[in-house]
Amino acid sequence: QVQLVESGGGLVQAGDPLRLSCVASGLTFSSYVMEWFRQAPGKEREFVSAISRSGFRTNSADSVKGRFTVSRDNAKNTVYLQMGSLKPEDTAVYYCAARLRGSLSDRNYSDNGFYWGQGTQVTVSS
């Protein structure tokens with residue numbers, strides 16, 4: 001079955017970098033757009049970044065643009081989120097997701113070809 005396992009979260013100081021990883025299994029990784037979302041306490045889950053199946057194109061939310069970089073290694077079935085200049089408002093549970101159908105601009109996740117990971121906590125202290 002499809003599994004997405006995030007890692008790399010933790011407690012960091014504002015301004016520091018952190019890299020999250022998400023390893024996928026049970027799917028043909030290169031067939032999926034890979035995405036990152038986050039959810040802070042009391043807030044809705046929000047889109048962070050997405051990367052195309054080939055890794056050639058990316059898209060990021062305005063709130064993280066210029067600070068976060070999404071990348072992927074299809075040989076390792078892994079998508080990364082390199083986070084820099086972290087701010088306390090970046091504190092959230094970060095989730096990776098895999099999207100079989102659609103493109104970078106799609107944000108729905110009711111599609112049965114959309115899969116979530118379990119999330120990893122990122123806490124940024126001020």
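N77 is situated in the loop that connects strand β7 (68-73) with strand β8 (78-83), where helices (H or I, at least four residues) and strands (E, at least two) are DSSP runs numbered from the N terminus. The model is a predicted one, in which local features need pLDDT of at least 70 and side-chain atom pairs count only at pLDDT 80 or more, while totals for chains, interfaces and linings use all residues. Residues are numbered from 1 along each chain as its sequence is written, and side-chain values use heavy atoms, with hydrogens and water left out.

Although N77 is not a glycine, its phi is positive, at about 55 degrees. Most residues other than glycine have a negative phi. With a relative accessibility of 24%, N77 counts as partly exposed; the classes are buried for under 20% relative accessible area, exposed for over 50%, and partly exposed in between (1.4 Å probe, protein chains only). A positive phi, near 50 degrees, is also found for S85, a residue other than glycine. S85 belongs to the loop between β8 and β9 (92-99) and is partly exposed, at 44% relative accessibility.

Rings of Phe, Tyr and Trp (its six-membered ring) pair if their centres lie within 6.5 Å; planes under 30 degrees apart count as stacked, over 60 as edge-to-face and the rest as tilted. One of the pairs joins F37 and F47 in an edge-to-face arrangement, with 5.8 Å centre to centre and 75 degrees between the planes. Because F37 lies in strand β4 (residues 33-39) and F47 in strand β5 (residues 46-51), this pair ties together parts that are 10 residues apart in sequence. F37 and F47 are both buried.

F37 also pairs with F114: the ring centres are 6.3 Å apart and the planes stand at 80 degrees, so this pair is edge-to-face. Since F114 lies in strand β10 (residues 114-116) and F37 in strand β4, the pair ties together parts that are 77 residues apart in sequence. The relative accessibility of F37 is 2%, so F37 counts as buried; F114, at 7%, likewise counts as buried. One aromatic cluster is formed by F37, F47, Y95, Y109, F114 and W116.

Charged side chains were examined by a separate criterion: a charge sits over a ring if NZ of Lys or CZ of Arg is within 6 Å of the ring centre and within 35 degrees of the ring normal. R107 lies over the face of F47, at 3.5 Å from the ring centre. R72 is placed over the face of F29, at 4.4 Å from the ring centre.
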